[in-house]
Amino acid sequence: MIEKIFFISIGCILIGLLSIFFGLLFKGIDRKIVARMQKRVGPPIRQPFLDVAKLMIKENVVPENAVRWIYNIAPLICLASSILLMLYIPIPGLEKLQLHGENDIILVVYIFILPALAMVAGGFASGSPFATIGAQREMVTMISYEFPLAISVVAIAWKLSEISGDVFTISFISSHPIFNNVGLIGFIGIIILLISLLIVVPGETAKIPFDVAEAETEIAQGVFVEYSGRNLALFYMADGVRIFAIASLIVNIFFPYNISDIVGFSGYSAIISDFLFFLLKVFLLMFFSITIIRAGMARLRITQVVTSYWVTITLISLIGLLLLIWDNQFKISLPW
């Protein structure tokens, strides 16, 4: 029993460090690419690591009117819950170190709410009017994107229910690729659901055009306006881990394929190649769902964010679900 607890603890620490590393690495690549697309030199890719190191040694200032214990614990909860996500989302080669359980995809969808709630609590606890407005906006955004996210997850689980097994378990979904279990109409429906989830990603990670909770030019970084030093560094790292987590979840749902099955690797070479291939897929997904959109769009107003998620994206998700239902009725095979 003690050995098992020790093994799980080591796994949690390792996955947490890897998640923070790859989250910060993506933030560095993202900033560099966006700068190049805007014809700027941009910061070096290692800049997020330097930012975190600098913030960690800075003074941690707490506002006079803040609720001190909530203000200080919110960044810690935000980072811990973000790392907890990565313990449940399968990573090739690290499955034995991760947590598993029945219906864990429902748990993961709920855990995605915790970092946002921690940010909201920290914003309200700071006592700043800018942070209060940012916290209110974060709550509205969170309520808006959860609905299309839930529709997409339930639609895919429902489609896979034709196969016997625990359809709400991430390992089951990733071991039964959804594109291999649909006909022509269902294939179109899955593409539509994928598009809706790609649009959910910027909202889930508070990136342009859905970063209304921070909005530097309007509310001076919103929920983070009063944060500094170690607390701001924790929020910064949590942001990187959340980006890595949501991209990893979408890869597991839609693109769970391993390259070792294609090239015929086995043993350690298969583990390493599958891990690197997984990282490639995650980084490509983050590039298309965050970097390109961030470089090419302006920030939406809060009313536009709500309308986009509650009306447009929700309708797109429902169309995807409807096509999956029709796929069961018409059973048109794929032409390839």
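**A tour of the salt bridges**

Begin by selecting arginine 294 and aspartate 30, whose side chains meet in a salt bridge with an N to O distance of 2.8 Å. This pair joins distant parts of the chain: arginine 294 belongs to helix H12 (residues 267-296) and aspartate 30 to helix H1 (residues 2-37), 264 residues apart. The model in view is predicted, and five salt bridges are found in the structure.

Show the surface around this first pair. Arginine 294 is partly exposed, at a relative accessible area of 21%. Aspartate 30 has a relative accessible area of 5% and therefore counts as buried, the cut-off being under 20%.

Arginine 31 is partly exposed, at 29% relative accessibility, whereas aspartate 51 is buried, at a relative accessible area of 16%.

Next, select lysine 159 and aspartate 327. The closest N and O atoms of this salt bridge are 2.9 Å apart. Lysine 159 is in helix H6 (residues 129-160) and aspartate 327 in helix H13 (residues 302-330), so the bridge connects distant parts of the chain, 168 residues apart. Both lysine 159 and aspartate 327 are buried.

Which residues are linked with Glu162 in a network of salt bridges? The network consists of Lys159, Glu162 and Asp327.

Terms used:
Residues numbered from 1 in each chain as written. Predicted model: local features only at pLDDT ≥ 70, side-chain atom pairs only at ≥ 80, totals over all residues. Heavy atoms only, no water. Salt bridge = Lys/Arg side-chain N within 4 Å of Asp/Glu carboxyl O. Helix = DSSP H or I, 4+ residues; strand = E, 2+ residues; numbered from the N terminus. Buried < 20%, exposed > 50% of the residue type's maximum accessible area, 1.4 Å probe, protein only.
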